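Keep the viewer open as you read.

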Amino acid sequence: MKRIVTIQDISCIGRCSLTTALPIISALGIECAVIPTAILSNHTAFSGFTFHDLTDEILPITEQWRRAGLTFDAVYTGYLGSFDQIRIVSEVIDLLRADNPAIRIIVDPAMADFGKLYTGFDEMFAKEMTTLCKKADVILPNLTEASYMLGIPFRPDGYKEQELREILSALSSLGCATPILTGASVHTGKVGAMLFDSSDDSFYLYENDQLAKQFHGTGDIFASVFTGSIIRGMTPKEALRLSVDFTLACIRSTVSDPEHRWYGVNFESVLYMLTNAVTPDGQTVSNNPQILKL
Ligand code: PXL
């Protein structure tokens, strides 16, 4: 069985970071180890929150695992709350890569959305996040995060395909082989994600229906599905499609729920899409056409 370690906060309620990564990766049939970086009453988009920092635990947990001989197929990082955490997580990546040179590194630079940085972050932090992206095989910024990391203006009115290509090329110049822009849209009424594979200079866009409402936490869901899917054996293009389709299914389920909360999406109601993707006889999810068709 494959094993991922995800490093991000626990927001005790709010459907983001660890409370989405853990169930999604488990549903994809992968063991999900966690290094919680902080514990918050709820994520920072609520009007208030409690916060207990766990930065000092990150390296001791890693070292203890290494003494126990544990190795990982992937490190997947999400929301990180400080410059120190970025530096320490970067060290963890180096240590775990020393134990398994084939380890995959997936970095979701979760720090901004809808044109704005989350509470507590500034431009300097966004620049620092590029140091982690440099170590990654895959990064999954949305257009706001990509703009802050590259120091370019965010364009609320949208982007042409050529502009998305240029942003992806610039992201790959940070040092990451496979950047993915989430929330990319080229055709009216459609939205999805665009991937650049720098190994053969190819771009891949996958879009599905764009719904009128936008929700918090969809980036974490997308990144978790993508990470679990590639470690489960899907190609990046197949994982892209599943991640877009799953995120859309979460949003559809939330929109159609008269009691839905303002935060997060109802991912629980569509998790079956991921568990069905894993065949018990060891076939990769990509061989199951059912999962890719919504
Ligand atoms: O990736 C979303 C997220 C994760 N963790 C915390 C957050 C947010 C977004 O606001 O505040 C603590």
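## Helices H3 and H4

Let's begin with a pair of helices in this predicted model. Helix H3 covers residues 83-99 and helix H4 covers residues 123-133; their axes come within 10 Å and cross at roughly 0 degrees. The two helices are therefore roughly parallel to each other, given that angles under 35 degrees count as such.

On the H3 side, the contact is made by Phe 83, Ile 86, Val 89, Ser 90 and Ile 93. H4 brings Met 124, Phe 125, Glu 128, Met 129, Thr 131 and Leu 132 to the contact. Sorted by class, the residues where H3 meets H4 are 8 nonpolar, 2 polar and 1 charged.

## H2 against H3

H3 has another partner, helix H2 (residues 55-67). The H2 and H3 axes are 9 Å apart, and the packing angle is about 5 degrees. That makes H2 roughly parallel to H3.

From H2, the contact uses Thr 55, Ile 58, Leu 59, Thr 62, Glu 63 and Arg 66. From H3 come Asp 84, Gln 85, Ile 88, Glu 91, Val 92, Leu 95, Leu 96, Ala 98 and Asp 99. This contact of H2 with H3 divides into 7 nonpolar, 3 polar and 5 charged residues.

## H4 against H5

What angle do H4 and helix H5 make? H5 spans residues 143-150, and H4 and H5 pack at about 95 degrees with their axes 8 Å apart. H4 is thus roughly perpendicular to H5, a label that applies from 65 to 115 degrees.

Glu 123, Ala 126, Lys 127, Met 129, Thr 130 and Cys 133 are the H4 residues of this contact, while Tyr 148, Met 149 and Leu 150 belong to H5. The classes here are 6 nonpolar, 1 polar and 2 charged.

Is helix H7 enclosed or open to the outside? Of its 15 residues, 14 are buried, so H7 is largely enclosed by the rest of the structure. H7 runs over residues 218-232 and reaches 21 Å from its first C-alpha to its last, close to the 21 Å expected at 1.5 Å a residue. Just after H7, Gly 233 takes a positive phi of about 120 degrees.

Gly 228 sits in H7 and is buried, with a relative accessible area of 0%. Setting aside neighbours within four places in sequence, Gly 228 is in contact with Ile 4, Leu 28 and Ile 30.

## Thr 20 in helix H1

Thr 20 lies in helix H1 and counts as buried at 0% relative accessibility. Not counting residues up to four places away in sequence, Thr 20 touches Arg 15, Asp 220, Ile 221, Ser 224 and Phe 267. Thr 20 and Ala 249 are 229 residues apart in sequence, yet 15 Å apart from C-alpha to C-alpha.

## Two positive phi values

Most residues other than glycine have a negative phi. Ser 17 has a positive phi of about 40 degrees although it is not a glycine. Ser 17 is placed in the loop between strand S1 (3-11) and helix H1 (18-27), and is buried with a relative accessible area of 1%.

Phe 114 also has a positive phi, near 50 degrees, in a residue other than glycine. Phe 114 is found in the loop between strand S6 (112-113) and strand S7 (116-117). Phe 114 is partly exposed, with a relative accessible area of 47%.

## The chain as a whole

Finally, let's zoom out. The secondary structure of the chain comes to 10 helices and 11 strands. Its radius of gyration is 18 Å, close to the 19 Å that the globule rule gives for 294 residues, so the chain is as compact as a globular protein of that length.

The C-alpha trace spans about 50 × 50 × 45 Å along its principal axes. Of the 294 residues, 52% count as buried. Among contacts with a separation of 6 or more, 67% come from residues 24 or more positions apart.

Conventions: Residues numbered from 1 in each chain as written. Predicted model: local features only at pLDDT ≥ 70, side-chain atom pairs only at ≥ 80, totals over all residues. Heavy atoms only, no water. Helix = DSSP H or I, 4+ residues; strand = E, 2+ residues; numbered from the N terminus. Expected span 1.5 Å × (residues − 1). Buried < 20%, exposed > 50% of the residue type's maximum accessible area, 1.4 Å probe, protein only. Axes fitted to C-alpha atoms, helices over the stretch in contact; angles between N-to-C directions. Parallel < 35°, antiparallel > 145°, perpendicular 65-115°, else oblique. Contact = heavy atoms within 4.5 Å. Nonpolar A, V, L, I, M, F, W, Y, C, P; charged D, E, K, R; others polar. Rg over C-alpha atoms; globule rule 2.2 N^0.38 Å.
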